[in-house]
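Hi there,

Here is the structure I promised to pass on.

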Amino acid sequence: MNIHIWGGLGSQLYGLNCALLVSELLPGKKIFLVFHSGGVTERNLELKLDKLKFDYEIIQDYLPKIYQFRKIYKPHIVKFMKLIAVLTRYLVYVNTEEDLKKIRKWTTQIRGHYSFLPVQDRNLSKISTELGFTNFKKNSKLLKNIYCGVHLRLGDLLVLKKIGRAHV
């Protein structure tokens, strides 16, 4: 089963959390992470995944804005095939915990932003330990008292500001 991930560090962590949730949902199912560089700006893999149990690949599919017109045009046959894949659950879009229930044994592709999935303490501990942040594992109870975080999206902000979309 391929889990597709686009975006920077935050999105990559959400995708990793999704992979852990799916591996609990379907134990024994081989999960493969597919990191895409495409988006508004080019995003590179920012995680060191050597210690994780998931195999992965990086797809260099970023196109500068001048070439992104191809995303607008999709032949009807491609749209139809995608619809069939979604209806038969070969392709599942996962953004919430409710969406996890749509995954079947035969699902082969998972896509989404994954940001509304729960981040369970055990998964936070696995991610932090395997990425080398061992103090999170020891102090996981302290994390319940954290109410504030900062997520910088520098790449997007620089590009969007140049084209007049950023409201900073």
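**What I found**

The model has an open sheet of 5 strands, in the order 3-2-1-5-4, with parallel pairing. Strands (E, at least two residues) and helices (H or I, at least four residues) are DSSP runs numbered from the N terminus, and two strands pair if DSSP finds at least two bridges between them. At the edges are strand 3 (55-59) and strand 4 (91-93), each pairing on one side only. On average, neighbouring strands of this sheet are turned by 20° against each other, direction ignored.

Please keep in mind that this is a predicted model: local features need pLDDT of at least 70, side-chain atom pairs count only at pLDDT 80 or more, and totals for chains, interfaces and linings use all residues. Residues are numbered from 1 along each chain as its sequence is written, and side-chain values use heavy atoms, leaving out hydrogens and water.

Strand 2 (residues 32-36) pairs with strand 3 in the parallel sense over 5 bridges. The bridge partner of His36 in strand 3 is Ile59.

Now to Glu46, which lies in the loop between strand 2 and strand 3. Glu46 is partly exposed, with a relative accessible area of 48%; buried means under 20%, exposed over 50%, and partly exposed in between (1.4 Å probe, protein chains only). Leaving aside neighbours within four places in sequence, Glu46 is in contact (heavy atoms within 4.5 Å) with Gly8, Leu9 and Gln12. The C-alpha atoms of Glu46 and Leu9 are separated by 5.7 Å, although the two are 37 residues apart along the chain.

Best wishes

Key. Axes are lines fitted to C-alpha atoms, for helices over the stretch in contact, and angles run from 0 to 180 degrees between N-to-C directions.
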